[in-house]
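Have the viewer open as you read.

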Amino acid sequence: MSEVEEQERKQNDEFTDESEDEDSEDEPKLKYERLANEVTEVLQKDAASCMTVHDKFLALGTHFGKVLLLDIQGNVTQRFEISSVKINQISLDESGEHIGVCSEDGKVQVFGLYTREGFHENFDCPIKVVALHPQFTRSNYKQFVTGGKKLLLYERNWLNRWKMSVVHEGEGSITNIKWRANLIAWANNVRVKIYDISSKQCITNVLRDNVQLRPDMYPCSLCWKDNTTLIIGWGTSIKICAVKERNPTEMRDLPSRYVEIVTAFDTEFFISGLAPLADQLVVLYFVKNSDHMVDEEFRARPRLDIILPLHESYEEISSDALTVRNFRDNECRDYKLEHSEGESLFYIISPKDIVGARERDQDDHIDWLLEKKKYEEALMAADISFKNIKRHDVQKIGMAYINHLVEKGDYDTAARKCQKVLGKNMELWENEVYRFKTIGQLKAISQYLPRGDLRLKPAIYEMILYEFLKTDYEGFATLIREWPGDLYNNKVIVQAVNDHLQKDPLNRTLLTTLAELCTYDQRYDKALEIYLKLRHKDVYQLIHKHNLFTSIEDKIVLLMDFDKEKAVDMLLDNEDKISVDRVVEELADRPELLHAYLHELFKRDHHKGRKYHERQIGLYAEFDRPNLLPFLRDSTHCPLEKALEVCQQRNFVEETVFLLSRMGNCRRALQMIMEELGDVDKAIEFAKEQDDRELWEDLISYSIDKPPFITGLLNNIGTHVDPILLIHRIKEGMEIPNLRDSLVKILQDYNLQILLREGCKKILVADSLSLLQKMHRTQMRGVRVDEENICEPCHAAILSRDMGKPFGVVMFHCRHMFHKECLPSSGGSFPGVQYCNICSAKRVDP
C-alpha cells in the first residue's frame, strides 16, 4: 500500500472513530460518510473552495480554478478548467443542465453542460457569487446575477444578446446570493436584501446583528426553506423570514410584498451553514478556540446540530462533533453546508474534506440498537419494518438476540424467543435444541418446541422426555399431557416409564402418566385399571371419551366407592349401555350403594325402576328414613302390605299412619296419631285432609276427656265442624286451659265468616247492578239498518224500495228484524208483540 493510501485510510478511520466518540444513550439523528474515491486524490493536491448539490450530481470548485462534476460516490465525471485561481461560487439551475461559475480573478462563465451556448465575461474585480434563475433552461428565464462590489442582473433579450442592469451597490462586497422562484436574496457587508424580480423592487432589508465580527471572516449563510421562507444565519444569530403579500389597500407606493421576521435567536457558536429539515434546522457551527476551554482539540471540531426553532429560542435535538481533515487549520469561512432538496442529504465542505450526512433509516436504527446490545428492540423494529429494511434480516437479528441471552445465562427468555425467531425453520430448531442440550438447558426449551403441523424428529422429543424422566417426574407428566401422543415413539416412552416404576412402583405421578400413555396407545383397559387403582378423577372422563362402559360392568362397585355421585350420574345417563338390571346385580352385595343408585333412579323417573320398589322399602328404612315417606307417597308400584309390615316392625309411626290412611283404615291411623304421637295438631290436620264427619266424631270422642286436646280442637274446628257439638259434650267443671282464648277465637272466626258473606253479597250485588246497567246501555244503542238486512219470515229486504210509501219495522234485542205486517200477532197489532218468535221457538223443547 502506498504512503498516500495508508494516510487516507488512517484519516478516514479517525473521522469515523472520533465522530462517534460520544457514547450516549441517545440515538444519533444523522449518519455520516466521507466522500471518497477520486475526490480524495483531488483534495490531496488541491483544496475545495465551494460546492453545489443537485439531485443528479455534485459540482465542486477548487482553489486552483477547476470545476469538477462528481457522482454521489465521489467519482469525477467531468472536469472544467475555468481559471488558475480560486473558484468562488457555482450555481446550477433546477434541471441541472446549466451551470454558472465565478472566480477570484473576475471571470464569470455561464454555459450549458449539454449545449454550446454560454456567457463568458472578465471583470476587473473578484466576483464572489453567481446565481442562475431556477428555470434558466426555459427561454423566457435566461437570467442570472453576479456579485462583487455590485449586484448585477443579466438578461438575454430577443436579439439573443445579454443586457446588464445594476440591482444594488454601495454597501461593500456581495458575499452570498440565493435565488428562489421570483425572489433573490443576497447578503453584503451590512445587511440582507430580498429583491422581487417580477416587480423589479427590493422588498426588505435585514440588518446584520453581530457588527463587531468581520464579514469576510464570518460570512452570512442564506437558505430558502420554500418559495416564501428565507433562513438567515450570520455570526451567532439565526433569523427566519416569511415573505407575505401586502393588503392591496395598504400598498400606495409600497412593494406588493413585505417580509416578517417570525423567529430570531442567538446560538452558542458561529454559523457556517444552514439547511432545512422538515420543521427543524440543520446548522453547521464553527467552534472557535478559547483559553478557558480545556479540551481544545474537541472544541475546535465543527459541529453539526439539529435544532427546533422556537419564537425567540431553540431546542437542541442532536449535536455531533465532526473530525474533518485539517480541522485545526480551518476558519469559519472555510466551512460550508449544502443540501439536496430532493432528499434529506447534507454535505459538509471544508478545504480538504467533504463529509455527507443523511437521516438515519431503519437499517441504521437497527445497527445502533445492535451496537448498544438492545437486541429485543432491534428485533421488534426489524419485525415491524421488515419490508423497508435492506441490510438486515429479521431471523439473523433474532439469532443474535438468542446468542446474547444464552451468553448472559437467561435461558428461559432465550428459549421463549426461539418460538418467534426460528419460526418454521426446522433445521435451526434442531440446532438450537442440541445447543441447549450441550449447555444442560433442555428443560428451558421444552415448552416452546413446535408441536403443530411442522414438527421436529421424534428422537428430539424423546431426548427431552428422557431428560425430564431422569430429574423431574412432574415436568415429565406435564409434557406428556401437553404434547400430542404422535410426537414421539409411545412404546419407547412407556418402556422407560415402566423401568422407573420398577424402582418406585407406588409413584402416583408415574402411574398417572403411564395411564395417559396407555390412553394415547388405545390401551384403555390398562389405563382404566390404573386410574381406578389411583382413584383418579379423570377415570370418568376416560370412560365417556372412549365409550368404555362394557369394560366397567364389573367395576361399578369400585367406581361408586371412589365417587358415588359421579358414578350414579354416569350410570343413569348411560342406561342404554349399562342396564338398570346389570347395575342392581353388581350392587346386590352393597345395599348402601344400591340404595343410592335406586334413589337417584326414582327421582328421575318414578316408574322406570318399579320392579325394585318393594326392595327399596327396606333400603329406605335402613339407610334413608327421611326419604321413605316421600317415596311411599310418590310410588304407585309399592306393595302397601309389605310397606306396612316393614314400618310396623320398625315402629315408624308417621309412615304407618300414611299407609293405614292410604289403605282406608283412617280410624286406626287417627288412633295411632292420638295414642302414639299424642299430637292433636297432627290429628286435626289429618282429619282436615280426610274431610270425613265420622272421623271428626271419633276425634272429638277421643279428645273429650283430655283438656289440652279440647283446646286444640276449639282453636281449629270452627271452620270444619259446628263448635256447638264439641261444647255440648264438654263435662261441667272440667278445667280447660286457655278456654277463654279459644272461645274468643271461635267467635272471631264466626264474625269473620259473617263479614266474608256480607262482603261477598255486596260484591255480588254491585257486580249484578253494573252488568245490568251495561246490558241496558247496550240494548238502548241504535242499530244500523240497510238494504242487506232481511225480514226473517218473508226473507225480503227489510227496507222498502219505494221509500215514499209508509212502512213499519220491528227489531228485537236479539237483532232479529220483522216487517210489521209479518209479525204473527193477532190482527198484526204492534203493541201486543213482546217476544221474538224465532228465539222463543229455539227455547221450546221439541
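Is Phe 136 buried or exposed? Phe 136 is buried, at 3% relative accessible area (buried means under 20%, exposed over 50%, partly exposed in between, with a 1.4 Å probe and protein chains only). Bear in mind that this is a predicted model, where local features need pLDDT of at least 70, side-chain atom pairs count only at pLDDT 80 or more, and totals for chains, interfaces and linings use all residues. Residues are numbered from 1 along each chain as its sequence is written, and side-chain values use heavy atoms, with hydrogens and water left out.

Rings of Phe, Tyr and Trp (its six-membered ring) pair if their centres lie within 6.5 Å; planes under 30 degrees apart are stacked, over 60 edge-to-face, the rest tilted. That rule gives 16 aromatic pairs. In one of them, Phe 136 and Trp 162 have ring centres 6.4 Å apart and planes at 10 degrees, so they're stacked. Trp 162 is partly exposed, at 24%. Phe 136 and Trp 162 also belong to a cluster linked by ring pairs, together with Phe 119, Phe 144 and Tyr 154.

Two charges sit over rings (NZ of Lys or CZ of Arg within 6 Å of the ring centre and within 35 degrees of the ring normal):

| Charge | Ring | Distance to ring centre |
|---|---|---|
| Lys 443 | Phe 468 | 5.6 Å |
| Arg 625 | Phe 652 | 4.2 Å |

Strands pair if DSSP finds at least two bridges between them; S8 and S9 have five, and Gln 109 is bridged to His 120 in S9.

Notes. Helix = DSSP H or I, 4+ residues; strand = E, 2+ residues; numbered from the N terminus.
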